[in-house]
Every structure is written in C-alpha cells, then in structure tokens.
Amino acid sequence: MGRKSGNKQRKDSPEKREELVRLLIPFFQKNGLKGISMDDMAEAMNISKATVYKYFHSREEILAATIAAKLDEIKDFEQYLNDKKVDYLERYKNAVQYLSEHISDITNVFLSDLKNIFPHLWQLIDAFKEYCMNILRAVSYTHLR
C-alpha cells in the first residue's frame, strides 16, 4: 500500500501539526479520501513526504487529526447557545447558523469515503453527533424549566 513509518523521532509541535491538518481540510473536501496518497497529502500541505513523517506516523493519523480539527471548529456552536446576553430563540438561531456555515463545506463524497473506507474513524463523527445532541437537549431542557 505505502511506506510504513519507522520509529523515527517525531517533531513535537502541536501548532505545526494543526497548521498542516488545516491545509488538508479543503483538500479532503474537494477530493474525498479514496485513492489519496501520502504524496498527495504532502503536496497539499506544501511539504515533502519525508517532512510529513516527521509530524505524523501514518495516513490514518493525519486523517484522524484532520477530522478532529474540523470537529473542534464546529464545536464552537456551543458558545452561541450559552450566550446568556441573548434571548433563547436568538441563541438557538445563532448556533444553528454557525453549525450550518461550518458543516456546509463537508461534502457527501468525503463523508461517504470516510464511512466506507475508514469506519473506525467514522466513529468520531458518530460520537460528535451524540455530543451535539446532548448539548442541544441540555440547553432546551434548561430553557423549558
């Protein structure tokens, strides 16, 4: 399939890793996941494949970090729900608008590839959906009381 990473010393720079995976979000959205090589990802990150392996062990680690970064971005909808300076309906509307804006660039191709090719990483999506539903339920319950 591809080259296996060795037991190399990895660079410990969370900021650089995050910067690199942020470059991949639009790349994966446009291209999906099927047939994407480490060379393709390195090119999208504008670094060499050898440099990729200085920050990541594998393609799956890169993909998991990319998904986590996107979900962290989406998770910020919660701040709109908790803004007590705004009435409940406006908070809810703002949160839904934020969610809509930040999930609109997630393509069906990406989601389909993720679910079919990397079902264990799809669990990140399922867990996030459950997290969001729990937040929405809690805020609704608090408002109704």
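**View 1. Helix H2 and its packing partners.** The buried residues of H2 pack against H1, H3 and H4. This is a predicted model, where local features need pLDDT of at least 70, side-chain atom pairs count only at pLDDT 80 or more, and totals for chains, interfaces and linings use all residues. Residues are numbered from 1 along each chain as its sequence is written, and side-chain values use heavy atoms, with hydrogens and water left out. Helices here are DSSP runs (H or I, at least four residues), strands are too (E, at least two), and both are numbered from the N terminus. Which residues of H2 are buried? They are Met-38, Met-41, Ala-42 and Met-45. "Buried" means under 20% relative accessible area, "exposed" means over 50%, and "partly exposed" is in between (1.4 Å probe, protein chains only). Look down the axis of H2 and its buried residues fall within an arc of 100 degrees, so they line one face of the helix. That arc is taken from the directions from the helix axis to the C-beta atoms.

**View 2. The two ends of H2.** At the start of H2, a side-chain oxygen of Ser-37 comes to within 3.3 Å of the backbone nitrogen of Asp-39. Just after H2, Asn-46 has a positive phi of about 60 degrees. You'll find Asn-46 in the loop between helix H2 (38-45) and helix H3 (49-55). Is Asn-46 buried or exposed? With 70% relative accessibility, Asn-46 counts as exposed. Leu-23 is 23 residues away from Asn-46 in sequence, and their C-alpha atoms are 8.8 Å apart in space.

**View 3. The largest nonpolar core.** This core holds 41 residues, and Phe-28, Met-41, Leu-63, Phe-77 and Leu-114 have the most contacts inside it. Helices H1 (14-31), H2, H3, H4 (59-74), H5 (77-81), H6, H7 (108-117) and H8 (119-144) each supply at least two of its residues. H8 gives the most, with eight. A nonpolar core is a set of buried Ala, Val, Leu, Ile, Met, Phe, Trp, Tyr and Cys residues joined through side-chain atoms within 4.5 Å. Zoom in on Phe-77: leaving aside neighbours within four places in sequence, its contacts (heavy atoms within 4.5 Å) are Ala-95, Tyr-98, Leu-99, Cys-132, Ile-135 and Leu-136.

**View 4. His-102 in helix H6.** His-102 sits in helix H6 (residues 88-103). With a relative accessible area of 18%, His-102 is buried. Beyond its neighbours within four places in sequence, His-102 touches Lys-70, Glu-73 and Ile-74.

Conventions: Polar contact = N/O pair within 3.5 Å; in protein donor to acceptor, adjacent residues only side chain to side chain.
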